[in-house]
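Me: I'd like to go through this structure with you and keep asking what each label rests on. Can you put it up first?

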Amino acid sequence: MTSLDQPVEAVRPTRTLLENVTATFIGRPSMIFAAVVILTFIAIALFAPLLAPYDPLAQSYLVINAYPSAEHWLGTDQFGRDVLSRLIYGSRNSMIFGITAPIIAALVGTTLGVVAGYFGGIFDRLVTRMIDLLLAFPDLLLAIIISAALGGGFWNILAVLSIAFVPGFARVARASTLAVKQEPYVEASVAVGLRTPLIILRHVVPNIAAPVVVLMTLWVASAIRLEAALSFLGLGTRPPYPSWGNIIRDGLNNIFGSPWPIIGAGFAITLVVLSFNMIGDAVRDLLDPEIGQ
Amino acid sequence: MTELLRADNLVKAFGSEGGFHIGARKQPVRAVNGVSFSVTTGETLAVVGESGCGKSTLGRLLLRLIEPTEGQVHIGGVDVTQMSAAELRAARRQMQMVFQDPYGSLSPRRTVAEIIAEPLEVFGIVKTRQERRERVAELLEQVGLPPTLMDRHPRQFSGGQRQRIGIARAIALNPDFIVADEPVSALDVSVQAQIVNLLQDLQEAKGFSYFFIAHDLAVVRHIADRVMVMYLGRIVEIGPKRSIYTAPQHPYTQALLSAAPEPDVKKRTKRIILSGDVPSPSNVPPGCSFHTRCPLAQEQCRQVRPELREVAPGQTAACHFAEPNPIKLPVSAPAYAS
Amino acid sequence: MTRPLLKISDVSVEFGPKANAIRVVDSVSFSIGAGEAVGLVGESGSGKSITSLSILRLIPDPPGRIVSGSIEFEGQDLLKLPANRMPEIRGRDIAMIFQEPMSSLNPVMTIGDQIAEALMLHQDLDRDARWQRVIEVLSLVGMPDPAARLGAFPHEFSGGMRQRVMIAMAVACNPKLLIADEPTTALDVTIQAQVLELMKSIRASVNTAILLISHDLGVIADLCERVVVMYSGRIVEEGSVESIFSKPEHPYTRGLLQSIPRLDDDRKRLYQIAGTVPMAGSVKKGCPFYARCDLRVDKCAAEMPPMFEFSKQHKAACWVTGEAEQ
């Protein structure tokens, strides 16, 4: 038998995923900032009843359009509702939609895209046409059309937001799959006799995960923005229940009475959206197998 | 010597699939056009030719990684082209492949152990994690890599080491037949010899047959038992190594042998220089497809395609003028004297 | 011998941040005489391409920079020349052809325009004379019916023909030195033979010096008079092709020549150099070939050997063979 006892000096030091994650965090102060912001907002949404000083729906004609004070840290709106409490409860809707909708859209869209890209044929043509059709509408317009057809309510809003994002994921997943399918390692796995579903799960999906995950983090921001826009237009979360979007809408009518709802909600949206975008950038670098060596 | 593999009249046409086409229908490209040959047990058949000659497509047809347009491939007497998907998967245990690109052919996110163990898992050969690691360690040793590296990722290895990993995967199932698609052409010169020797040692130990695809005739001389020369999708010459190298019959084989520059200063005086380029496979010349570049071409060659005929024991060539006394092509004079 | 056309002395190139820079070319010195063909041979990471790029100061900076040495072209140090004078040298005095003939040509410009552009930059010719010259160089490189092909775009040509166009462009201004970086690596064997033949005939007709960079010793043996062998950023051997190919003195060159399969040889087993090619700059101390060398002694790990002279035309950097010779 062959014996080739030779030095293998070219083998480079290995780095675990954990080390990569740590390096990414330490290398970027912005990541720490983003992580803190997002975790804080998730905590706020989870513990809203404990944190909110007032009932977000309770009106009080004694303190209408109040300035910030010791009792009302961010003042009150035109119905005398506590702005801080409404922002805290509003974060629940915004964070739930913001995180769930991109996940659902990513699962559905990636499945469609991978299957279409890998197998081609009629199914691929159908999916591609559908993507083209849906992408022809701006996502807000699309969301408006669908929610006008479906009506409001929590589940419908979630459906609207998810559907609006599916074509984007499907397109990215399909394009990446077409590229990965050409890679020799996919042919190699056919040659060893691996079944097609396993080829897709083991060799295709992990190698298209990077763009999909990046897209997902970027669209968390879009989902929060879109929910806000829908609520602003009266198609999202229904008053009197708060979401960051309808807080801004209500605030706009009363901007001269009290600017605090707009300032507070606008600040919260900006902060969260910015943080998710930062995470998206970092995740992209982290998932690239060639970076971080 | 028993016959292990037989290919009969294999044809692969690209671009002939159905569907809507706007504008003129493109002529299908016959990348492989009526190729028949056989490989015996333990033998290495090398196929050489320039880009576009169909050698890579042919290798994939043999393993049915792509579907043939016409023709059959028998391995161990069973027709691979007629197998159902399940039968084909089962048959993959006997036929494996080593790829040209040591970078692209290993999945970047999987460890070496996962890559090498994949065929073993597919066929249920290893059951437990312990068994799997033992078998992978054994295979890594056989290809000259330390088993301690099995949990690393491919990107941590050099090109030659990656090629060893690819070879370990191919031999994991003890196949009868391995298609090696230019396994050394992407490697550094000083590493090529290691891989060529490894492939030979493994063959001696395990007795499988190689279908060795190459463009480097010198490498082929070392590894092949028989050599097949292809030009534009067809076999132009096939025969035992010794006769191909010492008495090539087809003018193309002669030109190919003479064109390869050798690291030897004394060799640079004599060389056959073919004129022109390899024609596009989508526009193959009529008659003998080599006639546009052949210094011997006659009217007959433009009209009639020469069939492969035996010119010496075991050696066949597709040339009207091939005969036991090899024809001599004009050789260019050196452009300058050194 | 008169002053060489190009004299590279002690050139080092580093990549990456200054603090932990990687030295990919380390103290490289060699020269090329007028009209001489020199081969620069090495494997991946040997620094051969970086060395050739440094002659034209084409190393991307950052991350790379030439940290020491001089590159004298006709007595003038190119490294001291102001950056805005380099374009005059490039193309006119020193021309370069690359490995990939497709990406080196502009796909949306006709080949006639591309060659004419090179002429326009460096030669004071009127329109008619310029086109005359374009046709002339195209026929020089064996383009059939050159006048008719002036308006053709690169994609209309095969790989071999594109490489001919590249060569036409490079020799249009009669450069004194032609740097060819793996000019035939992407080509098929029979086409490679054509291009090599063309380069020989061009050399005979315009008397340009050639620096041929290649990993293929066969190509070098075919075209060059002298060879410079690089390994891991250093020159390990240098000499005439005759002496190096018949009697290599560095263990690396020996191993390389022995490990290459030959057409006329039936040895069953090939000689093999163990181990892998080290990444550029990874060997910090001693001889870069130490880890793979059959002849190594302790001294090799400690100290980089100097270039020992074996004959007037032949030098090699090896302690073992070098000291035996002294």
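Me: What makes strand β7 and strand β8 of chain B a pair?
Reply: Two strands pair if DSSP finds at least two bridges between them. Strand β7 (residues 177–181) and strand β8 (residues 209–214) of chain B have five bridges, in the parallel sense, so they pass that test. One facing couple is B:Ile178 and B:Tyr210, the latter in β8(B). As for the strand label, strands are DSSP runs of E with at least two residues, helices are runs of H or I with at least four, and both are numbered from the N terminus.

Me: Before we go on, what sort of model is this, and how are things numbered?
Reply: This is a predicted model: local features need pLDDT of at least 70 and side-chain atom pairs count only at pLDDT 80 or more, while totals for chains, interfaces and linings use all residues. Residues are numbered from 1 along each chain as its sequence is written, and chains are lettered from A and ligands numbered from 1 in the order in which they are written.

Me: How much confidence does the predictor put in chains A and C?
Reply: Look at pLDDT, the predictor's confidence in each residue, from 0 to 100. Chain A has a mean of 82, with 89% of its residues at 70 or more. Over residues 1–11 of chain A, though, the pLDDT is below 50, even if that stretch has 29 contacts beyond near neighbours in sequence. Where pLDDT is low, the predicted coordinates should not be read in detail. In chain C the mean is 86, and 98% of the residues reach 70 or more. For the model, ipTM is 0.83 and pTM is 0.83.

Me: Back to chain B. Why are β6 and β11 called edge strands?
Reply: The open sheet has eight strands, in the order β6-β7-β8-β3-β9-β10-β12-β11 (chain B), with mixed pairing. β6 and β11 (309–312) of chain B each have a single partner strand, so one side of each lacks a neighbour in the sheet. Neighbouring strands are turned by 25° against each other on average, direction ignored. Helix α9 (residues 251–259) of chain B packs on this sheet, touching β3 (44–48), β9 (226–231) and β10 (234–240) of chain B, at about 105° to the direction of β9(B).

Me: What makes β2 and β5 edge strands in chain C?
Reply: The order there is β2-β1-β4-β5 (chain C), an open antiparallel sheet. β2 (22–32) and β5 (76–77) of chain C each pair on one side only. Strand β1 (residues 6–15) of chain C has seven bridges to β2(C), running antiparallel. Among the facing couples, C:Val13 is opposite C:Val25 in β2(C), and C:Val11 is opposite C:Val28 in β2(C). The hairpin of β1(C) and β2(C) has six residues between the strands, and C:Gly16 has a positive phi near 90° there.

Me: How do you know how α2 and α4 of chain A lie relative to each other?
Reply: Two packed helices are described by the angle between their axes and the distance between the axes. Axes are lines fitted to C-alpha atoms, for helices over the stretch in contact, and angles run from 0 to 180 degrees between N-to-C directions. For helix α2 (residues 29–46) and helix α4 (residues 83–119) of chain A, the axes come within 8 Å and cross at roughly 110°. The classes are: under 35 degrees roughly parallel, over 145 roughly antiparallel, 65 to 115 roughly perpendicular, the rest oblique. So α2(A) and α4(A) are roughly perpendicular.

Me: Which residues make that contact?
Reply: A:Phe41, A:Ile42, A:Ile44 and A:Ala45 come from α2(A), and A:Ile88, A:Ser91, A:Arg92 and A:Met95 from α4(A). In contact means that the C-beta atoms, placed from the backbone, lie within 7 Å. By class that is six nonpolar, one polar and one charged. Ala, Val, Leu, Ile, Met, Phe, Trp, Tyr, Cys and Pro count as nonpolar, Asp, Glu, Lys and Arg as charged, and the others, Gly among them, as polar.

Me: And between chains, how many residues of chain B and chain A are in contact?
Reply: 35 residues of chain B touch 24 of chain A. α6(B) gives the most to chain B's side, with four residues. The contact of chain C with chain B takes 44 residues from chain C and 40 from chain B. α7(C) gives the most to chain C's side, with twelve residues.

Technical notes: Contact = placed C-beta atoms within 7 Å.
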